[in-house]
Amino acid sequence: MKADPAVQRRLLDLAGVDAELARVRHQRRTMPELAEVADGEKAAQAKRDAQVAVQMQLDDLDREVARQEKEIDAVRAREDRDRKLLAGGTVGAKQLTDLEHELATLERRQAILEDDLLELMERREAVEMDGKHASVELAKAEEALAEANRRRDENLADLDTNESRRDAERAKILPDIPEDLLALYERKRRQKGIGAALLRARRCGACRIELDRREISRIKETAGDEVLECEECGAILIRTPESGL
Ligand SMILES: [Zn+2]
């Protein structure tokens, strides 16, 4: 294939743009902010779960407290009734003994229930502290996640800008390159990742391999408008004064 050397050199511009586009695509997939967002989401979810668990504990304790209070009220009501009967002075001796006995039992029962209630309230207080701690932790995790999201979006916006600039550059270069040369370039690019490279200081810019003496002298004898390909990697080799020929 033949192409004017100036046209061939235009392929280097195209290869430069394509390398940049490949870099943008690679960054889009591998930017560290993606992992940061994923980690941040996981961390925030763990903190949300912790908060839900604490809330469930609190709800359970609240139910227990309510039950305990209800029981204490019932015991107290019974005590009040017994005391009223005792104070009324209308009960017989046998009933009096029974009532006094029952009242003593009820008082012991009430003391135990009140101790239990106190213990429940203390547990509730401790769990409530856990809940406050969990809320602070969750807020921190959500803030970190928002920050990671913001950094990722910022990076994505930069990449979008870069990509559309390169797309515009590419569109400007394409009309300068004949169809057959462009087709060859695209085929090489699909196969090897790099379609065209500069021959610089006797080295292929795509595979970095130094061409041997025999190949260099062959290239030297080849007309400037002949399209060359690297023997090693197949990329289109572009000659310029930097080529060291
Ligand atoms: Zn090569």
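User: In which helix does E119 lie?
Analyst: This is a predicted model, in which local features need pLDDT of at least 70, side-chain atom pairs count only at pLDDT 80 or more, and totals for chains, interfaces and linings use all residues. Residues are numbered from 1 along each chain as its sequence is written, and side-chain values use heavy atoms, with hydrogens and water left out. Helices (DSSP runs of H or I, at least four residues) and strands (runs of E, at least two) are numbered from the N terminus. On that basis E119 lies in helix α3.

User: How far apart in space are E119 and L245, C-alpha to C-alpha?
Analyst: In sequence, E119 and L245 are 126 residues apart. From C-alpha to C-alpha, their separation in space is 92 Å.

User: Which residues form the negative surface patch?
Analyst: Asp and Glu count as negative, Lys and Arg as positive, while His and the chain ends are not counted. A patch takes residues with over 30% relative accessible area and no salt bridge, joining like charges within 9 Å and nonpolar side chains (Val, Leu, Ile, Met, Phe, Trp, Tyr) within 5 Å. A charge is placed at NZ of Lys, CZ of Arg, CG of Asp or CD of Glu. The negative patch consists of D115, D116, E119, E122 and E125.

User: Is D115 buried or exposed?
Analyst: D115 is in helix α3, residues 93-173. Areas come from the Shrake-Rupley method with a 1.4 Å probe, and for residues only the protein chains shown count as cover. Buried means under 20% relative accessible area, exposed over 50%, and partly exposed in between (1.4 Å probe, protein chains only). Because its relative accessibility is 53%, D115 counts as exposed.

User: How far apart are the end C-alpha atoms of helix α2?
Analyst: The expected span of a helix is 1.5 Å times one less than its number of residues. Helix α2 (residues 32-88) has 57 residues, so it should span 84 Å. In agreement with this, its end C-alpha atoms are apart by 83 Å.

User: How many salt bridges are counted?
Analyst: A salt bridge needs a side-chain nitrogen of Lys or Arg within 4 Å of a carboxyl oxygen of Asp or Glu. By this rule the count is 39.

User: With which residue does D82 form a salt bridge?
Analyst: D82 is buried, at 0% relative accessible area. The closest N and O atoms are 2.9 Å apart, and the partner is R81.

User: What separates E137 and K140 in helix α3?
Analyst: Their side chains meet in a salt bridge, 3.5 Å from N to O. E137 is partly exposed at 23%, whereas K140 is exposed at 51%. An α-helix has 3.6 residues a turn, so residues three or four places apart point the same way. E137 and K140 are 3 residues apart in helix α3, so what separates them is about one helical turn.

User: Which residues are linked in a network of salt bridges?
Analyst: R152 and D153 form a salt bridge, with closest N and O atoms 3.1 Å apart. The network of salt bridges links E36, E147, R150, R151 and E154.

User: Where is R202 found?
Analyst: R202 has a positive phi of about 70° although it is not a glycine. R202 is partly exposed, at 31% relative accessible area. Its place is the loop between β1 (196-200) and β2 (203-204).
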